[in-house]
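Take a look at the chain below.

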Amino acid sequence: MGEEKVYALRGVNLDIQKEEILCLLGTSGSGKSTLLNMMAGLDRPTKGEIIINNKIHMEKLSEEKLTKFRQLNVGFVFQSYNLIPTLTATENVSLGLIFKGVKKQEREEKARAILERVGLGNRLDHKPSEMSGGQQQRVSIARAFVDAPPILFADEPTGNLDTNTSVEIMEMMCDLAKEHKQTLIIVTHDLETAVYANRIVELRDGKIVRDETQQIIEKARELELLPQNNNEESI
């Protein structure tokens, strides 16, 4: 028997605007994480193009140039936090700045400032094991936003969190992205998480089956399928 080809993505054509907050929505196996990994330069497509700023062809970059591009332009937030357990919150956040050539004092100042911004001013010297899941995810967010990269990718950022903490995390990420004029791309299977974006692209079996803007979000709130946002609420 011959080997059957399996396509993670099929005929995906997607334009994302600068400063857009976009959600890739879909069930497990729909292709959303694969698409995110390709856009972030973590995986290479076997066919097609991934173009940044109308000039950078990601699929053509060497591994060295791809790594450099990610270091300077991309931030990541993961479901599992991906923090180094032996480092403090400040050290975890400042770690990536080392590869950008930022001096130690400036690294620590930037890390402390963003940790204060995400509500962890009293956890600067705590290690991951000394923090809750929500606090660890805030450290992860601080690490991603510390140097305000133009593009942020968040893969199931609320997957390990309870409902209340999920709301806080989503509001925090979206507020920071708007504040720093960044493009934020979120992967999730959860509509209640997806509606914090201003555009939702749904994937099914590797294909885009829906591309909706704010209309679906407002409709979901009208039907009381998710809580109303309260941006004045402290995080």
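## The whole chain

Of the chain's 235 residues, 44% count as buried. The model is a predicted one. Its secondary structure comes to 8 helices and 8 strands.

The chain exposes about 13,200 Å². Carbon and sulfur atoms supply 45% of that area. Now take the contacts between residues at least 6 apart in sequence: 67% of them join residues at least 24 apart.

## Helix α6

Helix α6 covers residues 163-179, which is 17 residues. From its first C-alpha to its last, α6 reaches 24 Å. That is close to the 24 Å expected at 1.5 Å a residue.

Look at the two ends. Asp162 caps the N-terminal end of α6. A side-chain oxygen of Asp162 lies 3.3 Å from the backbone nitrogen of Asn164. After α6 comes Lys181, with a positive phi near 55°.

Several residues of α6 are buried, including Ile169, Met170, Met172, Met173 and Leu176.

## Packing against α5

Two packed helices are described by the angle between their axes and the distance between the axes. For α5 (residues 133-145) and α6, the angle is about 10° and the axes are 11 Å apart. That angle makes α5 roughly parallel to α6.

Which residues meet here? From α5 come Gly134, Gln137, Arg138, Ile141 and Phe145. They meet Thr165, Glu168, Ile169, Met172, Met173, Leu176 and Ala177 in α6.

Definitions and conventions
Residues numbered from 1 in each chain as written. Predicted model: local features only at pLDDT ≥ 70, side-chain atom pairs only at ≥ 80, totals over all residues. Heavy atoms only, no water. Helix = DSSP H or I, 4+ residues; strand = E, 2+ residues; numbered from the N terminus. Expected span 1.5 Å × (residues − 1). Buried < 20%, exposed > 50% of the residue type's maximum accessible area, 1.4 Å probe, protein only. Polar contact = N/O pair within 3.5 Å; in protein donor to acceptor, adjacent residues only side chain to side chain. Contact = heavy atoms within 4.5 Å. Areas by Shrake-Rupley, 256 points an atom, 1.4 Å probe, with all protein chains shown as cover. Axes fitted to C-alpha atoms, helices over the stretch in contact; angles between N-to-C directions. Parallel < 35°, antiparallel > 145°, perpendicular 65-115°, else oblique.
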